[in-house]
Amino acid sequence: MEKTFVMIKPDAMQKSLAFEVFSRLEKAGLKPVAMKMLKLDDVNLDVHYAHHADKSFFNDLKTFMKESPVIASVWEGENAVTKVRELIGATNPEQASAGTVRHDYGENIQRNLVHASDGPDTAKEEIGRFFNENEVINW
Ligand code: ATP
Ligand code: MG
């Protein structure tokens with residue numbers, strides 16, 4: 001079964017929306033197989049957002065991601081990667097479809113509540129970066 005990596009960002013933590021997001025994933029038939037709360041640092045973020053390292057918003061993005069703890073998680077299900085991306089919506093909440101998390105609660109393109117892997121290969125990489133093998137539970 002496909003797995004994907006989902007991270008509740010600091011804005012969602014501040015708005016008490018972490019479990020609203022997780023509830024939507026559960027209702028869509030996805031199963032949690034790993035979860036942990038942590039505070040990100042520059043080492044994590046330089047890797048996680050390496051694709052944005054040359055962007056003007058990179059430092060702002062890192063500051064935002066360090067505002068509060070985050071919850072890192074792994075979800076399993078058929079087409080888990082695509083399913084979660086659909087539930088979350090477009091990066092910019094203004095462009096996100098009605099009924100998606102980012103449409104319903106996102107503030108702006110940076111404070112968009114949740115990260116989700118954008119493909120199966122990225123998912124494997126991100127899961128491996130945040131979790132040891134024995135922290136991902138088969139059930
Ligand atoms: P995520 O990777 O968090 O799931 P995404 O895949 O929809 O989001 P990416 O292009 O990977 O979008 O960007 C990662 C994150 O960087 C975005 O979710 C957002 O928080 C931030 N970001 C992207 N573009 C901008 C921008 N133009 N200005 C500010 N922040 C941005
Ligand atoms: Mg992305």
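Modeller: We shall discuss the fold and then the ligand. This is a predicted model, in which local features need pLDDT of at least 70 and side-chain atom pairs count only at pLDDT 80 or more, while totals for chains, interfaces and linings use all residues. Residues are numbered from 1 along each chain as its sequence is written, chains are lettered from A and ligands numbered from 1 in the order in which they are written, and side-chain values use heavy atoms, with hydrogens and water left out.

Colleague: How many helices and strands does the chain have?

Modeller: Helices (H or I, at least four residues) and strands (E, at least two) are DSSP runs, numbered from the N terminus. Here there are seven helices and four strands, in the sequence order β-α-α-β-α-α-β-α-α-β-α.

Colleague: Which residues come nearest to ligand 1?

Modeller: A residue is near a molecule if one of its heavy atoms lies within 4 Å of it. Of the 14 residues around ligand 1, the nearest are His 52, Arg 85, Thr 91, Asn 112 and His 115.

Colleague: Where do polar side-chain atoms approach an oxygen atom of ligand 1?

Modeller: A polar contact is a pair of N or O atoms within 3.5 Å. His 52 places a polar side-chain atom 2.8 Å from an oxygen atom of ligand 1, and Arg 85 also has one at 2.8 Å from a ligand oxygen. For Arg 102, a side-chain N or O atom is 3.1 Å from an oxygen atom of ligand 1.

Key. A polar contact is a pair of N or O atoms within 3.5 Å; within protein, one must be able to donate a hydrogen and the other to accept it, and residues adjacent in sequence count only if both atoms are side-chain atoms.
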